[in-house]
Amino acid sequence: EAVTKFGKDANKDDYQFLLKLINYYIYSDQAQRAIAYLDKALETDPQNAEYWKVKGSLYSELKDDDKAIECMKKAIEINPDYVDAIGELGRLYYNKAIEMTSEISTIKEDKAYIQARNEKVVPYYKLAMPLLEKAHKMKPDESMYKIALRGIYYNLEDEANLKRIESEM
């Protein structure tokens, strides 16, 4: 009701009705409704990297990786040093590599498996790696980044970086 009454002003610091509604829907597991109100918040503040990151996280929960990736990219475009969005985008790509690995796991012939791995899995690891490396540099104590980087280095057969990251763990 407040959003309807105040329109774009509902997101102003004086009111923050939209943020309260967004948080309410997030914490009550109503991601679609939270996204709808995030869209309204983004109408008034389209350069808010945090809104884009939260929207991406919600799409990730809904298993819509394409939209999640799009939102994370937008957050990073707005704030290139937004470590949480950088790490989250890296995680999304890393998870896509894992998903593709599972998808190709039924291929029996070695040559076909290697080709499928090189075409479907490796590109996602290569997309994830620089993002997770940057996030790790920004937050060196974050274990999720170390664990993902360990998996990437292992899968890309990068022994030097694998040893380095394992020594940090």
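This is a predicted model: local features need pLDDT of at least 70, side-chain atom pairs count only at pLDDT 80 or more; totals for chains, interfaces and linings use all residues.
Residues are numbered from 1 along each chain as its sequence is written, and side-chain values use heavy atoms, with hydrogens and water left out.

Q: Why is α3 called roughly antiparallel to α4?
A: The axes of α3 (residues 31-44) and α4 (residues 49-61) cross at roughly 160° and come within 10 Å. Angles over 145 degrees count as roughly antiparallel, so α3 is roughly antiparallel to α4.

Q: Which residues of α3 and α4 are in contact?
A: Contact means heavy atoms within 4.5 Å. Ala31, Ala34, Ile35, Leu38, Asp39, Ala41 and Leu42 of α3 meet Tyr51, Trp52, Val54, Lys55, Leu58 and Tyr59 of α4. This contact has 11 nonpolar, no polar and two charged residues (Ala, Val, Leu, Ile, Met, Phe, Trp, Tyr, Cys and Pro count as nonpolar, Asp, Glu, Lys and Arg as charged, and the others, Gly among them, as polar).

Q: What makes α4 and α5 roughly antiparallel?
A: The angle between α4 and α5 (residues 65-78) is about 165°, and their axes are 8 Å apart. By the cut-off of over 145 degrees, α4 and α5 are therefore roughly antiparallel to each other.

Q: How do the residues of the contact of α4 with α5 divide by class?
A: Residues of α4 including Trp52 and Lys55 meet residues of α5 including Cys71 and Met72. The contact divides into eight nonpolar, three polar and four charged residues.

How values were computed:
Axes are lines fitted to C-alpha atoms, for helices over the stretch in contact, and angles run from 0 to 180 degrees between N-to-C directions. Helices (H or I, at least four residues) and strands (E, at least two) are DSSP runs, numbered from the N terminus. Angles under 35 degrees count as roughly parallel, over 145 as roughly antiparallel, 65 to 115 as roughly perpendicular and the rest as oblique.
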